[in-house]
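Please look through the sequence and the structure shown here.

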Amino acid sequence: MNNINIKKYQKLLDLSHVERFIKIDHLDTMVASVYEVKRQNKSSLIIKICQSSHHHANEIYFLNYFSKQIPVPNIIDILP
C-alpha cells in the first residue's frame with residue numbers, strides 16, 4: 001500500500017482527539033490500508049482507506065449486502 005496521509009483523514013473525519021493511529025498489517029488488507037484509531041476516551045475505531053474508487057465501492061456494497069445476513073462492522077462515515 002502507498003503511504004497514507006493520516007493527518008488528512010484525521011481532519012476529514014474530525015478525529016482531532018485521537019491518541020494514535022496503529023497500522024494493521026494483515027494478508028486480508030490487500031486493497032486498503034487499515035488502521036486502529038485509539039481515541040483519548042479509550043474507545044477505538046477501525047479506519048479502512050481504499051486507494052481505488054472501485055475497491056471503495058465494492059467495500060461499501062459488500063458491507064451493506066452482508067449486514068443483512070451476518071454481523072459486520074458499522075459504517076460510521078464514508079468519504080469519496
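Is K48 buried, partly exposed or exposed? K48 has a relative accessible area of 37%, so it counts as partly exposed; buried means under 20% relative accessible area, exposed over 50%, and partly exposed in between, with a 1.4 Å probe and protein chains only. The model is predicted, so local features need pLDDT of at least 70 and side-chain atom pairs count only at pLDDT 80 or more, while totals for chains, interfaces and linings use all residues. Residues are numbered from 1 along each chain as its sequence is written, and side-chain values use heavy atoms, leaving out hydrogens and water.

The side chain of K48 meets that of E59 in a salt bridge, at 3.1 Å from N to O. This pair links distant parts of the chain, with E59 in helix α2 and K48 in strand β3, eleven residues apart. Helices (H or I, at least four residues) and strands (E, at least two) are DSSP runs, numbered from the N terminus. E59 is partly exposed, at 22% relative accessibility.

In total, the structure holds four salt bridges, each defined as a side-chain nitrogen of Lys or Arg within 4 Å of a carboxyl oxygen of Asp or Glu. Another of them joins E19 and K42, at 3.5 Å from N to O. Because E19 lies in strand β1 and K42 in the loop between β2 and β3, the pair ties together parts that are 23 residues apart in sequence. E19 is partly exposed at 44% relative accessibility, whereas K42 is exposed at 65%. E36 and K38 also form a salt bridge, with their closest N and O atoms 3.2 Å apart. Side chains of opposite charge can pair when their charged atoms come close.

The largest nonpolar core has ten residues, namely I4, I6, Y9, L15, V18, F21, Y35, V37, I47 and I49. Two or more residues of this core come from each of α1 (6–12), β1 (18–24), β2 (32–39) and β3 (44–50). Such a core is a set of buried Ala, Val, Leu, Ile, Met, Phe, Trp, Tyr and Cys residues joined through side-chain atoms within 4.5 Å. Apart from its neighbours within four places in sequence, L15 is in contact (heavy atoms within 4.5 Å) with Y9, Q10, F21, V37 and L45.

I70 lies in the segment after α2 (53–66).
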